[in-house]
Amino acid sequence: TGVLTYHVVPGEVMASQVAGMDGQEVTTVEGGTFTINVKDGTVSLTDGAGNTVNVVKTDITASNGVIHVIDGVLLPSA
């Protein structure tokens, strides 16, 4: 459950908002944080364990929010 809720951020954050969040820490529903990295229009996320994943698809709207697809698993710090 912890790993799953670590992938969820409260609210609806669209890709256009994320593009201006380079270096910012985001708090997840699990209570941990990850860091948003933006370089040359590419977005990646660095988790609490120090791993970095890339955002590969954005702004998929769902009935309960918005989904951004990543190419790996985020893990909270130990």
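Is Y6 buried or exposed? Here are some friendly notes on that residue and a few others, bearing in mind that this is a predicted model.

1. Let me start with the opening question. Y6 is buried, and its relative accessible area comes out at 0%. The cut-off for calling a residue buried is under 20% relative accessible area.

2. Next, the aromatic rings. Searching the whole structure turns up 1 aromatic pair. The partners are Y6 and F34, arranged edge-to-face, with 6.3 Å from centre to centre and 75° between the planes. Y6 belongs to helix α1 (residues 2-6) while F34 belongs to strand β2 (residues 33-39), so the pair ties together parts that are 28 residues apart in sequence. F34 counts as buried too, with a relative accessibility of 7%.

3. T28 is worth a look alongside that pair. This residue sits in the loop between β1 (25-27) and β2, and T28 is buried, at 4% relative accessible area. Setting aside neighbours within four places in sequence, T28 contacts Y6 and F34, and also T5, V8 and P10.

4. Further along strand β2 you will find I36. I36 is buried, with a relative accessibility of 4%. Not counting residues up to four places away in sequence, I36 touches V18, M21, D22, G23, Q24 and V26, along with V43, S44 and L45.

5. One of those contacts can be given a distance. The C-alpha atoms of I36 and V18 are 7.8 Å apart in space, and the two residues are 18 residues apart in sequence.

Definitions and conventions: Residues are numbered from 1 along each chain as its sequence is written. This is a predicted model: local features need pLDDT of at least 70, side-chain atom pairs count only at pLDDT 80 or more; totals for chains, interfaces and linings use all residues. Side-chain values use heavy atoms; hydrogens and water are left out. Rings of Phe, Tyr and Trp (its six-membered ring) pair if their centres lie within 6.5 Å; planes under 30 degrees apart count as stacked, over 60 as edge-to-face and the rest as tilted. Helices (H or I, at least four residues) and strands (E, at least two) are DSSP runs, numbered from the N terminus. Buried means under 20% relative accessible area, exposed over 50%, partly exposed in between (1.4 Å probe, protein chains only). Contact means heavy atoms within 4.5 Å.
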